[in-house]
Amino acid sequence: MSSAQSSAPSTARHAVPETPLLTVTDLRVDYKLPGWRTPPVKAVDGVSFTLAEHETLGLVGESGSGKSTIGRALLGLAPISGGQVVLNGHDITEAKAGDRKHVASDLQVVFQDPYGSLNPSRTVGKTLAEPLEAAAGVDTRTALEEIRSLLAKVRLPEDAADRYPNAFSGGQRQRIAIARALAINPKLIVCDEAISALDVVTQAQVLNLLGELQRETGVAFLFIAHNLPVVSYFSDRVLVLYRGRIMESGPAATIHARPAHPYSQALRAAVPVPNAVEQRVLRRQRQEVVRVTTAQAKPAPEEGCPFAPRCPHVADVCWTKRPIDAPFEDRTVACHVFDAASGHPQAGGAAALTAGELAPTAG
Amino acid sequence: MTRFVLRRLAVAVPLLLIVAAISFFLVQLVPGSPAAAILGNTATQEQVDTLEQSLGLDQPVLSQFGQWLGHALQGNLGASYTTGQSVSDALAQSVAPTLSLAILSTLLTLVVGLVLGMAAAVRGGRTDRLVQWTGSLGMAIPNFWLAALLIFVFAIKLSLFPAIGYAELGTDGIGPWISHLVLPIIALSAVNLGQIAFQARAAFTDALSRDYVRTLHATGVPRRRVLYKHVLRNASVPVVQVTGLTFIFTLGGVVVLELIFTLPGMGNLMLRSVQNHDFSVVQGGVLYFSLVVVLVNLVIDVATAALDPRVRVR
């Protein structure tokens with residue numbers, strides 16, 4: 001990937017076509033906790049989005065934001081308690097993992113842990129043949145041909161097919177996982193923290209590989225990660241999630257350059273930079289932006305904004321009323337400051353907030 | 001793989017030597033002379049001395065051991081002090097009932113235990129509880145009591161199987177052979193069945209919770225295919241290893257059951273020889289048992305390596 005392309009990937013990509021590949025409407029995932037009076041954890045709390053063919057949608061947020069749960073729900077691994085998932089015209093909301101042979105040809109996955117997601121007692125060739133034989137019904141002989149071309153696609157040597165996963169490094173294993181996901185030409189691949197377990201150099205290689213494969217095959221990616229710069233580098237659009245809700249959504253480039261929601265700003269400030277002086281400035285900014293960590297924060301209000309306990313611009317309305325998805329420039333922001341009719345004292349101060357010039361509220 | 005097996009066999013040779021030496025010297029510690037035991041209470045000291053001399057028992061222990069080992073290496077384990085029969089022949093006659101019992105019982109527990117454990121892990125809930133109850137019950141029942149109960153119900157009341165005795169597979173055919181072994185096998189298997197089932201349940205639960213299983217499910221590989229092509233193989237490794245251990249314990253349990261069912265096996269032979277101070281038979285028997293244990297361990301290692309390629313690399 002040349003540097004010209006890598007600096008602005010999103011501008012080169014396409015607009016959203018009319019019928020999206022994936023439509024998620026008001027998705028809810030509740031996890032029951034032990035104890036008869038403990039309310040269930042709302043891991044995903046009414047999330048709606050669409051994903052077009054060839055598109056890369058980034059899901060970003062901190063641990064517990066529900067980004068991985070969304071991916072798992074799409075794969076039938078999380079208990080969906082409300083909403084609808086439509087993939088390529090088929091409702092797959094009810095399709096549980098293990099009974100979704102018909103979904104497999106459209107939807108594949110690359111998980112975070114490249115060590116755990118490959119069966120250690122099967123050769124790489126057998127692992128790659130599995131989706132071909134199980135889902136596509138290809139016989140072993142044809143599968144061998146396919147495997148050779150798959151290994152070439154992910155830049156692994158041909159003899160890798162006869163070796164076991166323990167002979168490969170983390171990056172190589174992740175390539176194997178990518179090859180497996182590509183084996184039956186799916187329309188969408190969920191990348192659940194697919195590069196988070198790798199070191200930075202390997203991350204870049206795998207990202208570039210994913211980008212090249214997307215141009216070759218036209219596959220769409222749902223790219224789940226906690227690192228805002230990486231997500232926005234790789235994605236066309238980004239959803240910023242916090243406590244199971246979408247905080248901000250819009251084009252990757254603008255969200256990365258000028259995050260609007262206070263939480264997006266905090267996420268961006270959380271990424272370390274190499275320069276020590278800049279890092280010190282950043283740390284001070286972060287302390288201004290976010291009052292406390294998630295663990296220290298008061299529980300989020302049932303009805304208000306989930307970010308209220310940590311937000312520097314919190315007002316009374318934030319504790320009592322759930323913010324609407326307010327349009328702002330080319331994106332939507334779920335924050336009362338961006339909603340002129342919300343009753344927030346700083347409502348309408350969106351531009352100042354985005355520029356980082358809005359003073360924190362007293363609350 | 002051939003190198004792996006050869007290396008294991010090479011390791012087994014010194015192991016057998018050590019076992020042979022230990023068994024030989026331990027037997028020397030048993031009070032009382034075999035000669036006195038053979039001749040009975042009325043024998044004079046003179047008679048005992050003469051017999052000891054003719055049996056070679058008057059020589060130093062080390063030279064006795066050297067002689068015995070030299071003969072053993074040529075396949076000659078000496079003659080029984082009491083009957084004069086060749087020890088090799090005596091052992092060869094009694095090894096068949098013991099091994100039939102131990103091997104069949106182990107195969108039965110392996111297959112049934114694996115199925116029960118798999119069902120418990122995959123289905124959970126009521127199936128799981130049922131398997132746990134049955135397994136615990138099997139482990140709680142002493143095998144001699146179960147043997148007596150089985151004889152009472154199935155041999156005496158229902159007359160379905162013979163109560164005692166043994167039929168040769170070669171001369172009497174497979175029907176009588178099996179029917180004489182059914183009750184001892186059940187009595188012997190009850191304890192191990194619980195152990196294997198619990199081990200299998202834990203192994204399957206562990207294998208099912210692995211990330212690659214989740215990945216396979218998520219990528220649309222059907223549940224049944226995941227279970228039989230991926231989970232079964234990985235879950236079998238600890239189960240096979242535990243089965244090897246239970247086989248070795250089973251050899252011990254066989255002694256009691258051979259007494260109850262009066263099977264002419266190794267257990268009965270060893271017990272009789274110990275009582276008669278027939279040390280040459282005891283030593284030969286110990287050597288046989290340790291050979292079986294070494295071979296079983298080898299089989300387990302080979303099976304493990306066949307199931308899990310990571311073992312082979314080492």
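B:Pro184 touches B:Leu101, B:Leu257, B:Phe261 and B:Leu263, leaving aside residues up to four places away in sequence; contact here means that the C-beta atoms of two residues, placed from the backbone, lie within 7 Å. The model is a predicted one, so local features need pLDDT of at least 70 and side-chain atom pairs count only at pLDDT 80 or more, while totals for chains, interfaces and linings use all residues. Residues are numbered from 1 along each chain as its sequence is written, and chains are lettered from A and ligands numbered from 1 in the order in which they are written.

Back to the proline. B:Pro184 sits in helix 9 (residues 174–208) of chain B; helices (H or I, at least four residues) and strands (E, at least two) are DSSP runs, numbered from the N terminus. B:Pro184 counts as buried because it has 29 C-beta neighbours inside 10 Å. On this scale a residue is buried if 20 or more other C-beta atoms lie within 10 Å of its own, exposed if 12 or fewer, and partly exposed in between, with C-beta atoms placed from the backbone. From B:Pro184 to B:Gly285 it is 101 residues in sequence and 21 Å in space, C-alpha to C-alpha.

As for the rest of chain B, there are 14 helices and 0 strands. The C-alpha trace of chain B spans about 85 × 55 × 35 Å along its principal axes, and buried residues make up 34% of its 314 residues. Of the contacts in chain B with a separation of 6 or more, 72% come from residues 24 or more positions apart.

Chain A has strands to show. Its 8-stranded open sheet runs in the order 6-7-8-3-9-10-12-11, with mixed pairing; two strands pair if DSSP finds at least two bridges between them. Strand 6 and strand 11 (326–328) of chain A are the edge strands, each pairing on one side only. From one strand to the next, the twist averages 20°. Within the sheet, strand 3 (residues 56–60) and strand 8 (residues 220–225) of chain A run parallel and are joined by 5 bridges. A:Thr56 has A:Phe221 of strand 8 as its bridge partner. Helix 6 (residues 170–182) of chain A lies across strand 6 and strand 7 (188–192), at about 175° to strand 6; axes are lines fitted to C-alpha atoms, for helices over the stretch in contact, and angles run from 0 to 180 degrees between N-to-C directions.

Two loop residues of chain A are worth a look. Most residues other than glycine have a negative phi. A:Asn88, not a glycine, has a positive phi of about 55°, and lies in the loop between strand 4 (80–87) and strand 5 (90–91) of chain A. A:Glu193, also not a glycine, has a positive phi of about 50°, and its place is in the loop between strand 7 and helix 7 (200–217) of chain A. A:Asn88 is partly exposed, with 18 other C-beta atoms within 10 Å, and A:Glu193 is partly exposed with 18 as well.

Finally, the two chains meet through 26 residues from chain A and 21 residues from chain B. On the chain A side, helix 3 (101–104), strand 6 (107–110) and helix 4 (124–134) each supply at least two residues.
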